[in-house]
Structures are given as structure tokens and as C-alpha cells.
Protein chains: 2
Amino acid sequence: MPVSARKPRADRQRNRELLLDTARAAFEAVGPDVSLDEIARRAEVGIGTLYRHFPTRDALVEAVYRREVEALAAAVDSLLTAHRPADALRRWMLLLVDYVAAKKLIAAAWAGPADALYAVSGRLITDSIDRLVSAARTAGDIRADIEAHDLKRLMGGFFAGAAEPGWTDSARRLVDVVVDGLKGPNPR
Amino acid sequence: MPVSARKPRADRQRNRELLLDTARAAFEAVGPDVSLDEIARRAEVGIGTLYRHFPTRDALVEAVYRREVEALAAAVDSLLTAHRPADALRRWMLLLVDYVAAKKLIAAAWAGPADALYAVSGRLITDSIDRLVSAARTAGDIRADIEAHDLKRLMGGFFAGAAEPGWTDSARRLVDVVVDGLKGPNPR
DNA sequence: TTCATATACGGAGGGTCCCTCCGTTTATCA
DNA sequence: TGATAAACGGAGGGACCCTCCGTATATGAA
């Protein structure tokens, strides 16, 4: 029973990254529904290789988005440091809008199957929202009965039709609607 | 060139309705992804028959939802008559929430392809929202820069995870968040 | 009623997609 | 410099969407 300290083969890592890069490009160029065969073809790699690295379509999507999501999660801390909570939340949402406008495809991963596969990305997003919401609630900036979960769902609606012209402006207006609404009943 | 006044065959209409009923049941029982083969099988009808009546999957989905959507659209008038605009809007959204909670599957049709196929259902929904928004805007109840289109997108987010427990309560909270937010900046 | 025909039906089959399996190739290390 | 574990490629199975066409049947004129 050799504990096998053999170094992982170089081509493995190379192919993994090649596939991730190709997949991201393909998602962007063709759309979120590109076939995996197509991705393997573009990467000039056998379909078997793709599946060895990413056992299911969702696993690949998840891996592609992970890095992106990490960047968004990382922004939370600096936002909370620099701004008061409700404003931090608003800015983070705007960040997300710009992000989606540029990449167009986070939507696919956003609501992803409740599957364990999305556990990490899902967590990163939920945790980010959770921290922002908690901070704002503590500061008394927003109504108390809203959970990160609720907000995440609501924000999912932003993404519909992200490809259409005018989407970005629409989404920005909606951010303000939501942020204002979170403050609680407005007597006007 | 006979202008052909022959009466449509009876089996045609019969099969069409059989398919619609079967499809609705199957969407509800199996989920929005039931295969068309499965639906034809359940209806005990050849797959060719299904396709003759509904040339694409979307056409079938559209037809199934049409009736449901019509009911929602019909509610707008009575709501606008009985309540002040912002309240009518809120009540309509709550109606939608209950509706989705019960049927679970309007989500599939909501965002449907910008395709012409969804023109009718899409119109019905957009027009409903539009009338509610216009009335509220005229009454000065909501901010002026929001379009029906924006709101429709935002509401799409409500539907994610409609199957999860606690969804209905979450969605109701969100309705209030949105309605409050629509009123415009809240000085708190 | 009967029969010609327009109409509708059934399901085989083609194309695509996801994913599995296994024979072949290659990087690692003794 | 092999021996061998590790990784690769792609044929092929199964499911799905949709098309096509031979078969069956409802309709309406005779």
C-alpha cells in the first residue's frame, strides 16, 4: 500500500486550466448553453478528458464561476470598511450589476441547482449578502425581517435579459428600488 | 381552388385539449423539464400528433400558461377599481405569489424566450404591470423612472426556488420591500 | 349509406447532447 | 532507460427534440 507520493502529472493541470479558460470563453461567445462536446472541441481535447476533470456539466460551470465569485466576495470587506452598511450593500449590488453586464453569464450559476455542487459558490454569495445585510440591520439601516436568502432571490431577477440593450440602466434603477425598500415602510 | 369550408375534424380539437391537460398535469407532477415524448406517452398519443399541434416545446408551454396568465390579467381591473394604485399593485403582486405557490410553474413561462411565441402571454403580463405602474405613477405613488419592464424583471426573481419551504413568506416580504422601494428614497 | 378525399394520426429515424468505458499514449521515477 | 501509474481520446449508449411519411379516419357529396 504505497502512499503514493508521486507528483501529479504536468499535463493534468495544464489541461484543467486549458478547459477552464476555453469554457469561460465559450460561455461568453456562444452562450450558457454551449455543449460540452463543443467546449472539448475548442480546447482540442477529448471529451473524456473534459469529463475526467469535471464529472458533470454543473461541475464545470461551478468551477468557471468560482473565481469570479471570489472576487465579488472579496469586495465586501473593503466596502463595509469604507461605507456605512446600507451604502455598502448598495455599492455591492451595483458592483454585481456591472459585473454581470460585462460577463453576462453569472446568471447561470446564480440560482444553480440546490445541489451540493454549488455549495462553495453559493456559500460565497450568500455569505457576502449575509454580512452586508447583518451589518445594515445592526446599524438599523434596514428592516429586520429580511434574510440574506430573500435578498439573494430578489437579486436573481436582475439578471433576466442581461443581454438586452438598456439592461444595465434598468438594473441600476432596481438596485435603488430594492435598497430603498429595504429601509422599511415609507410614509411618503 | 376551393376555399375549403370543411369543418375541422373532431379528433383534432379533442387531441389538442387532451394534450394541454396532460401537459399541465405533467409539468406539475414531473417538473418543467418533462420531455415531450413523456407528455405524448401520457396522453397516449403519437409524438407526431403532439408536434402537429405544438410545433415547438415553447409553443406548448406558452399554450399551457396562456389561460393562467389571462386570469391574472383579468384581476387588474377590479383591483384598480377597488384600491388606490400603489395598493392595487401590491395586491396584484401578492396574487401572483399565491398563484405561483399553488402552481409552481409559471416561472418557466415568465422569462420565456424573447421569441414571438411568448408574445401573447408576455404581453398580458407586461400590460398588466404597465397599467398598474401607470396608475400608481399618475397618482404620484411611485417614483417616475420605473418602467413596467423593470418591474417585470425584478419580479422574476421572486420565483427562484418556489418549491422550497418558506418560499411564500419570503416572497411576501419581498413584495413589500419592492413596493416600499418603488415609493422612492426614504429618509428613514 | 357509400365512397372519395382532405385531414389527422403514429412512430421510425436523424441529429444533438450528456456521459461512460476502455484501449492507447505519456509523464514520472526507480 | 524502462516499468508503470496516470492521463488521454473518442466510440458508443441512452435520452431528447423534431421531421417525415405511410396509414387510418372523419367529413360531406352523391
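Ala, Val, Leu, Ile, Met, Phe, Trp, Tyr, Cys and Pro count as nonpolar, Asp, Glu, Lys and Arg as charged, and the others, Gly among them, as polar. This is a predicted model: local features need pLDDT of at least 70, side-chain atom pairs count only at pLDDT 80 or more, and totals for chains, interfaces and linings use all residues. Residues are numbered from 1 along each chain as its sequence is written, while chains are lettered from A and ligands numbered from 1 in the order in which they are written.

**Exercise 1. DNA strand D**

Task: Describe the surface near DNA strand D by class, nearest residues and helices.

Solution. 
- Step 1, class: the surface has 8 nonpolar, 8 polar and 11 charged residues.
- Step 2, nearest residues: 27 residues lie around DNA strand D, and A:Asn15, A:Gly46, A:Gly48, A:Thr49 and B:Ser35 come nearest. A residue is near a strand if its C-beta atom, placed from the backbone, lies within 6 Å of it.
- Step 3, helices: α1 and α3 of chain A, and α1, α2 (36–43) and α3 of chain B, each supply at least two residues. Helices here are DSSP runs (H or I, at least four residues), numbered from the N terminus. The largest share, 4 residues, is that of α3(A).

**Exercise 2. DNA strand C**

Task: Which helix gives the most to the surface near DNA strand C?

Solution. 
- Step 1: list the helices that each supply at least two residues: α1 (10–30), α2 (36–43) and α3 (47–53) of chain A, with α1 (10–30) and α3 (47–53) of chain B.
- Step 2: α3(B) gives the most, with 4 residues.
- Step 3: the class division is 8 nonpolar, 8 polar and 11 charged.

**Exercise 3. Two helix pairs**

Task: Characterise the packing of α1(A) with α4(A) and of α1(B) with α2(B).

Solution. 
- Step 1, α1(A) with α4(A) (residues 57–82): the axes come within 10 Å and cross at roughly 90°. Axes are lines fitted to C-alpha atoms, for helices over the stretch in contact, and angles run from 0 to 180 degrees between N-to-C directions. The two helices are therefore roughly perpendicular to each other (65 to 115 degrees).
- Step 2, the contact: A:Leu20, A:Ala23, A:Arg24 and A:Phe27 of α1(A) meet A:Leu60, A:Ala63 and A:Val64 of α4(A). Contact requires C-beta atoms, placed from the backbone, within 7 Å. These residues are 6 nonpolar, no polar and 1 charged.
- Step 4, the contact: B:Leu18, B:Leu19, B:Thr22, B:Ala23 and B:Ala26 of α1(B) meet B:Glu38, B:Ile39, B:Arg42 and B:Ala43 of α2(B). The division is 6 nonpolar, 1 polar and 2 charged.

**Exercise 4. The two chains**

Solution. 
- Step 1: 26 residues of chain A contact 26 residues of chain B.
- Step 2: α8 (148–156) and α9 (167–182) of chain A each supply at least two residues of the side that touches chain B, and α9(A) has the largest share, 8 residues.
- Step 3: this side of chain A has 11 nonpolar, 8 polar and 7 charged residues.
- Step 4: a rotation of 180° with 0.0 Å of shift along its axis superposes chain A on chain B (RMSD 0.1 Å).

Definitions and conventions. Angles under 35 degrees count as roughly parallel, over 145 as roughly antiparallel, 65 to 115 as roughly perpendicular and the rest as oblique. Two residues are in contact if their C-beta atoms, placed from the backbone, lie within 7 Å. Copies are superposed by least squares on the C-alpha atoms of residues with pLDDT of at least 70 in both.
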